Amino acid sequence: MPNKARSHAYAANRVRAIPGPAEEGDLRVVARRVSALWNVGNYECRQRFLGGETVPGAYALQEEFKTHRIYRLLPSDVAQEVFKKLAEAWKSYFRLRHKWKNG
């Protein structure tokens, strides 16, 4: 039996959520909490950067803030994703800064 090449095409489903008044309120609460967690994590990263220390990665931020009140108000997967995106943003900043310095 001949080997057929596997197709690695992926499909994505797009869903448009139309929240009602109750869901909209819940989403606003979660959005405020996510924003607050991002700001707290970003403040810590910025303070370390300006102090000449290494900027922590996503895992280090999770370990440091896992007992923080704002972190505990969010589901763990959401809070972890916030720190992953924050770490990506800092990595991107350092890559762009390096490119700018090198012309």
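Which residues does Phe 83 touch, not counting residues up to four places away in sequence? In this predicted model, Phe 83 touches Leu 37, Gly 41, Ala 58, Leu 61, Gln 62, Phe 65 and Tyr 71.

Start with α1, which covers residues 21-50. This helix has 30 residues and reaches 43 Å from its first C-alpha to its last, close to the 44 Å expected at 1.5 Å a residue. Its buried residues are Leu 37, Gly 41, Asn 42, Cys 45 and Arg 48, and their cover includes α2, α3 and α4. After α1 comes Gly 52, with a positive phi near 85°.

Next up is α2, residues 58-65, where Ala 58, Leu 61, Gln 62 and Phe 65 are buried. If you look down the axis of α2, these buried residues fall within an arc of 100°, so they line one face of the helix. Among the elements covering them are α1, α3 (69-72) and α4 (76-101).

Now for the middle of things. The largest nonpolar core has 13 residues, and those with the most contacts inside it are Leu 37, Cys 45, Leu 61, Tyr 71, Phe 83 and Leu 86. Each of α1, α2, α3 and α4 supplies at least two residues of this core, with the largest share, 5 residues, coming from α4.

Technical notes
Residues numbered from 1 in each chain as written. Predicted model: local features only at pLDDT ≥ 70, side-chain atom pairs only at ≥ 80, totals over all residues. Heavy atoms only, no water. Buried < 20%, exposed > 50% of the residue type's maximum accessible area, 1.4 Å probe, protein only. Helix = DSSP H or I, 4+ residues; strand = E, 2+ residues; numbered from the N terminus. Arc of directions from axis to C-beta. Contact = heavy atoms within 4.5 Å. Expected span 1.5 Å × (residues − 1). Core = buried A, V, L, I, M, F, W, Y, C linked by side-chain atoms within 4.5 Å.
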